[in-house]
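Open the structure in your viewer and keep the selection tool at hand. The stops below are taken one at a time.

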Amino acid sequence: MDTAIVEIAGRDSVAAAVAATRERGFARLIPTIALTGTETGDRDAPLRAVDTLRRLLGKECEVLEPVVLSEPALWSAMNARFADVIAERWGIFSPCLACHLYLHLLRVPLAWDNAGAPVIAGERDSHDGRIKLSQLPEGIDASIRVLAHAGVELYEPIRSAGGDEVSALVGGGWDQEGGQLGCVLSGNYVRLDGSVRHDGAAYARYLPGFFEPVGRAVIDAWRAERAGGDRPDYESIVRAVLER
C-alpha cells in the first residue's frame, strides 16, 4: 500500500504521519481535517500542520492537498442526542467518549475510495500522566476493531510514545508553527481540583454496549448507501442500537 489517509489535528497527528511514513515507506499521504462543529480557535491551524508535515517529510513522500470532512448530524447522534440514556444505562457519559470514534469513522469512505488505504492517527495511550477520555487505551483498541469492520486499518504508530519522542519527530518550534484547534467542550470531565472522574468498570461495559455497535452500524449504513440505499438517518441508527 503506497497511499495512506492522515488524520490532521495538532502535534501528535503530524508526528504519527512522520513515524508511519518512515516505518512503512508510504509514497503518498492524503491529509484530512475533520470537523465536529464544536471547534474554537484558529481555523488555519490544521492547514499549518499540513504545511509542517510537508516540510518534515521533504521528498520522502508526496503530501496531497487536505480534504475537509464533516458530518454534524452523526456527531450529534453519537455524542449529544442520547446523553441521558447513555448515562443512565452505563453510568458514564462525556461528549468526548465517542468523539474520536466519530473522527475515525469520517475517514472510512475516503479510505474505501482509495483502495482501502490505512488511516494514520496520532492517539497515545498516555499523555505524560494526563487522562484523556477520548484516548483511553481500551477506546483506541475498540476504534481499531470498529474500522477493521470496514476493512480499514487504523494505524496508531505513536501509541506508546512519550512527549519527548513526539517532540523529536516534529522538531523544534512546534508552538509557533502548528498549534491546533480547541473545543468548546474541553475540560467537561475535569473536577475543580483538576482530577478526572473516570469509572473504568462502567467504561468497560460502555464500549461493547454502545461504542462498538454504533460504529459498526454506521459503517453498515454507509455500505448500504453505496449499494444504492438511502442516505443514513444517524439518529435512527443510534436509537436502534440503544433499543436492542
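Which side chain does a polar contact of 2.7 Å join to that of arginine 159? Select aspartate 141: its side chain and that of arginine 159 are joined by this contact. A polar contact is a pair of N or O atoms within 3.5 Å; within protein, one must be able to donate a hydrogen and the other to accept it, and residues adjacent in sequence count only if both atoms are side-chain atoms.

This is a predicted model, in which local features need pLDDT of at least 70 and side-chain atom pairs count only at pLDDT 80 or more, while totals for chains, interfaces and linings use all residues. Residues are numbered from 1 along each chain as its sequence is written, and side-chain values use heavy atoms, with hydrogens and water left out.

Stay on arginine 159 and show proline 137, whose backbone oxygen lies 3.4 Å from a polar atom of the arginine 159 side chain. Arginine 159 counts as buried because its relative accessibility is 17% (buried means under 20% relative accessible area, exposed over 50%, partly exposed in between, with a 1.4 Å probe and protein chains only).

Next, select tryptophan 90 and phenylalanine 210. The whole structure has five aromatic pairs (rings of Phe, Tyr and Trp, the last by its six-membered ring, with centres within 6.5 Å; planes under 30 degrees apart are stacked, over 60 edge-to-face, the rest tilted). Tryptophan 90 and phenylalanine 210 form a tilted one, 6.0 Å centre to centre with 55 degrees between the planes. Tryptophan 90 is buried at 9% relative accessible area, and phenylalanine 210 is buried at 1% relative accessibility.
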